[in-house]
Amino acid sequence: MGRAPGARTAALLAGTLVAAAVLTGCAEEKKAAAPQLPERTCFGVFTRSDLEPLMGDGETVTVSGPADARLTAQRRAATCNVDVDGKGRVLVAATRQPLGQSFFWPPTDQSRPAPEPLALGDKGILWDTGARVALTCKGAEDSFELELAISGSVEHMKPGTSRALFTSLMTTYLESAKQQTGCGA
């Protein structure tokens with residue numbers, strides 16, 4: 001004639017445990033969500049969607065750095081850091097130096113996989129974790145050397161996709177940085 005009292009209690013308990021497991025799963029999924037980036041970041045160059053592949057999971061995004069990359073003889077460098085829950089995810093830098101001084105890039109023979117040339121600026125190099133470009137900026141009033149660098153945390157990206165991302169990011173950054181620094185103006 002129905003279930004025994006012990007069976008009813010067991011069924012209710014089992015249902016409660018299933019509901020608790022489902023709710024716990026939802027809470028874990030919510031915690032593992034990508035953090036919310038500002039709409040534009042790093043000198044106003046990158047959009048939220050540009051940098052999202054490098055963010056990974058987390059709750060709190062911290063962006064530090066100046067609003068722009070307008071470099072002068074007095075302000076020779078600008079750096080933007082994007083951290084998620086205190087862990088560095090993206091570093092974007094611009095450095096200016098007097099004309100005729102080239103930038104020194106240490107040998108990268110030990111890197112695996114090896115870096116490859118990047119056909120941007122006067123000299124460019126691309127790794128799985130970032131890119132650098134150097135160029136000479138000759139203007140009517142001011143000439144100088146400019147180095148741009150982007151690096152990022154790629155451990156949560158699909159293997160083999162980071163170089164294409166860094167090429168795209170550097171292409172965007174190069175055009176904006178040339179305008180902001182007056183390169184070629």
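At 1% relative accessibility, Phe46 counts as buried, a term that denotes under 20% relative accessible area, with exposed meaning over 50% and partly exposed in between (1.4 Å probe, protein chains only). The model is predicted, so local features need pLDDT of at least 70 and side-chain atom pairs count only at pLDDT 80 or more, while totals for chains, interfaces and linings use all residues. Residues are numbered from 1 along each chain as its sequence is written, and side-chain values use heavy atoms, with hydrogens and water left out.

Ring pairs join Phe46, Phe43 and Tyr173 into a cluster. Rings of Phe, Tyr and Trp (its six-membered ring) pair if their centres lie within 6.5 Å; planes under 30 degrees apart count as stacked, over 60 as edge-to-face and the rest as tilted. Under this rule the count is 2 aromatic pairs. Phe43 and Tyr173 are stacked, because their ring centres lie 6.2 Å apart with the planes at 20°. Since Phe43 belongs to the loop between β1 and β2 and Tyr173 to helix α3, this pair ties together parts that are 130 residues apart in sequence. Helices (H or I, at least four residues) and strands (E, at least two) are DSSP runs, numbered from the N terminus. Phe43 counts as buried at 4% relative accessibility, and Tyr173 counts as buried at 0%. The rings of Phe46 and Tyr173 have centres 6.0 Å apart and planes at 45°, so this pair is tilted. Phe46 lies in strand β2 and Tyr173 in helix α3, so the parts tied together are 127 residues apart in sequence.

The cysteines come next. A search of the whole structure finds 2 disulfides, each defined as a pair of cysteine sulfur atoms within 2.5 Å. In Cys42 and Cys80, the sulfur atoms are 2.1 Å apart. This pair links distant parts of the chain, 38 residues apart: Cys42 is in the loop between β1 (40–41) and β2 (46–47), and Cys80 is in strand β4 (residues 77–84). The link of Cys42 and Cys80 is left-handed, with -70° about the S-S bond, and both residues are buried.

The other disulfide joins Cys137 to Cys183, with an S to S distance of 2.0 Å. Cys137 lies in strand β8 (residues 130–138) and Cys183 in the segment after α3 (162–181), so the pair ties together parts that are 46 residues apart in sequence. The torsion about the S-S bond of Cys137 and Cys183 is about -90°, so this disulfide is left-handed.
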